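Here are my notes on this model, as numbered points. Please read them with the structure open.

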Amino acid sequence: MKKKLLSVLLASCMVLSLAACGASSETPASNGTDNAQQATDSTESDATATDSAAAGTNTGVINVCLASEPATLDPALNSAVDGATMINHLFSGLAKWGLDANGNLELQPDCAEELVEGVENEDGTVTYTYTLKDGLTWSDGQPVTAGDFVFAWNRAAGQALAADYGYMFEVVDGYADMWADDAKGDETLNVKAIDDKTLEVTLVNQVAYWNELLAFPTYMPVREDVVSNESWATDPSTYVNNGAYVMSSWEHNSVITLTKNDKFVDADKVTMNEINFYLSDDANNQLANFENGDWEFIDDVPTNEIASLKDKYPTQFVTAGQLGTYYVCWNINEEILPSSSTLTGVEKANAENEIRNALALLIDRNYIVNDIAQGGQVPASSFVAMGLTDADGSQFYQNAGPDKSITGYYDVTDAAYEDNWTAAIETLKKYYTFDESTQQFTDFPTLTYLYNTSEGHKAIGEAIQSTFAGIGITMNLENQEWATFLDTRKAGNYSIARNGWLGDYNDPISFLDMWTTASGNNDVQFGKGDNADVKAYSLDITDLGYDTKVENGTWAETYDVLIGDIKTCTDTNTRYELMHRAEDLLMSTGCICPIYYYTDLYMISDKVSGFFSSPLGYKYFMYCSVAE
């Protein structure tokens, strides 16, 4: 594979495959994307800025804080940015992201000797054959084999595990059989261990981002005898891995300590002997530990301190680009019509779509960005993030939405806010009783806004709460600890919740395929519960050469089919047009309410050199030095 570096629009190999990119526990101030040029500049500076750290003997120990207790450190089950960063230090896949000689991110072989080109077969499938490096071992000394990859991939893709990211294997031949309605349970991916060092995998068709998937944590190997113990990933004594570090201790809700793995094949390149990942979701606590010198890196800062921190720590306070969107999501099965409503079926669904989209117009994104987040974020008018490319090389978000007079699905400029407000109120009057004397609605059901513990998330929730209260809508706020929050949202036990998604690779599909019915990241519950039988969605792609034309079909009959067509389409222009139509259908529901495109704010000590990060949230500490 050709090694491609960052371009103005972030060429695909630059964008790190970010396991858990979707779920981010970090605060509004600490996660996001600005624009592609910012991402280019900031990532390069991440790799070089700390090279100016004061010279001195490397202590070999770095203390960092990314977030609170991770929900899991099982590569197949993790779906959070902080967990992914730790997994990248603990495991090695066929590929990895590293720096070239100029300090730019590039895709590199990891367990594989090289990232080979695929061979197209007569039926259109594509076969890749990888040779594993010599000397690969697990942390307990056993050899890493091609069979370990075969087992791990089938485990991560299968129905038995039902992993959130299982759908990442849709591109591999055999996945569809594993999830077919008549599946017997013994179906497998078309992945073979030719011998202990040779792995063969066949894809359903050419996939532009295949090599990036190989660096994605879900594609990392695990060993069958290790994971047969269901609690293997929660205890250092049972945690067997194949990466640069071993887990030497895990003091739950306090600190996870990683120690350099001397058995790692590239151990001579690892400069940091010990990494202490402290666990905290308290931004004030993180800042205090940074300022007193106990922690050299923090991934969160108090939003009300941002302005002063920029001045006080000009070289240690970093604003970097990211490819992601901070948004609010609705549980599609939540009742939001007044109790007096008699609407049913498609009429009810269309009304709820219109209501959610109207409420989205009331949110003052510019206020949130400028007065709360304060980190250079950009008000978002689409779900697919700024910085992802379109077929013609332009940015995908710039071409989104049916109204080409604006960018995206809403006009989020300051000048448009008053008109947006007026339009929203008029729409809501169609469904709710409005008291003209108080300018408030009197029969809107009470809502609960769910967020994970963070002053930044709370402040955004309070801003939306205040806006809704101004027109008579009561929205209570509820915060939960990160792991509990993820479970609650995934189970659909909420009405409205904060959310965030960082792309897995530089392709819009990484923002779109998560909303299929079976996806473990489908927090909105599209196609699930009561919504499974709702026939309210339409799709016509006959003009693009397909037979699909559905009027008032289910989510499975429309959106799922469309995503399937995208995954098998090899014509670039057609594929991107299909993705625009997928986002059109997604956004028409009003269940996805974009707030802003992310930036990544963090603090790193001047004593640290060799650190780098990506526009999608991964942080890399294994090649650092900390001067005494």
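1. Start with a loop. Asn205 sits between strand S7 (198-203) and helix H5 (210-213). Keep in mind that this is a predicted model.

2. Is Asn205 buried or exposed? Asn205 has a relative accessible area of 7%. The cut-off for buried is under 20%, so Asn205 counts as buried.

3. What surrounds Asn205? Setting aside neighbours within four places in sequence, Asn205 is in contact with Gly124, Thr125, Val126, Lys567, Thr568 and Thr570. With Lys567 there is a polar pair: its backbone oxygen lies 3.5 Å from a polar atom of the Asn205 side chain.

4. Now helix H12. This helix covers residues 455-469, 15 residues in total. From first C-alpha to last, H12 reaches 20 Å, close to the expected 21 Å.

5. H12 has two sides worth checking. Its buried residues are Gly456, His457, Ile460, Gly461, Ala463, Ile464, Thr467 and Phe468. Viewed down the axis of H12, they fall within an arc of 155 degrees, so they line one face of the helix. Glu455 and Ser466, on the other side, are exposed.

6. Last, the nonpolar cores. The largest has 182 residues, and Trp153, Trp210 and Tyr219 touch the most other members. Not counting residues up to four places away in sequence, Tyr219 touches Phe149, Trp153, Met168, Phe169, Val171, Val172, Trp210, Leu213 and Leu214. Another core, of 12 residues, lies apart from the largest one. Among its members are Cys65, Phe290, Val301 and Ile306.

Note on methods: Residues are numbered from 1 along each chain as its sequence is written. This is a predicted model: local features need pLDDT of at least 70, side-chain atom pairs count only at pLDDT 80 or more; totals for chains, interfaces and linings use all residues. Side-chain values use heavy atoms; hydrogens and water are left out. Helices (H or I, at least four residues) and strands (E, at least two) are DSSP runs, numbered from the N terminus. The expected span of a helix is 1.5 Å times one less than its number of residues. Buried means under 20% relative accessible area, exposed over 50%, partly exposed in between (1.4 Å probe, protein chains only). The arc is that of the directions from the helix axis to the C-beta atoms. A polar contact is a pair of N or O atoms within 3.5 Å; within protein, one must be able to donate a hydrogen and the other to accept it, and residues adjacent in sequence count only if both atoms are side-chain atoms. Contact means heavy atoms within 4.5 Å. A nonpolar core is a set of buried Ala, Val, Leu, Ile, Met, Phe, Trp, Tyr and Cys residues joined through side-chain atoms within 4.5 Å.
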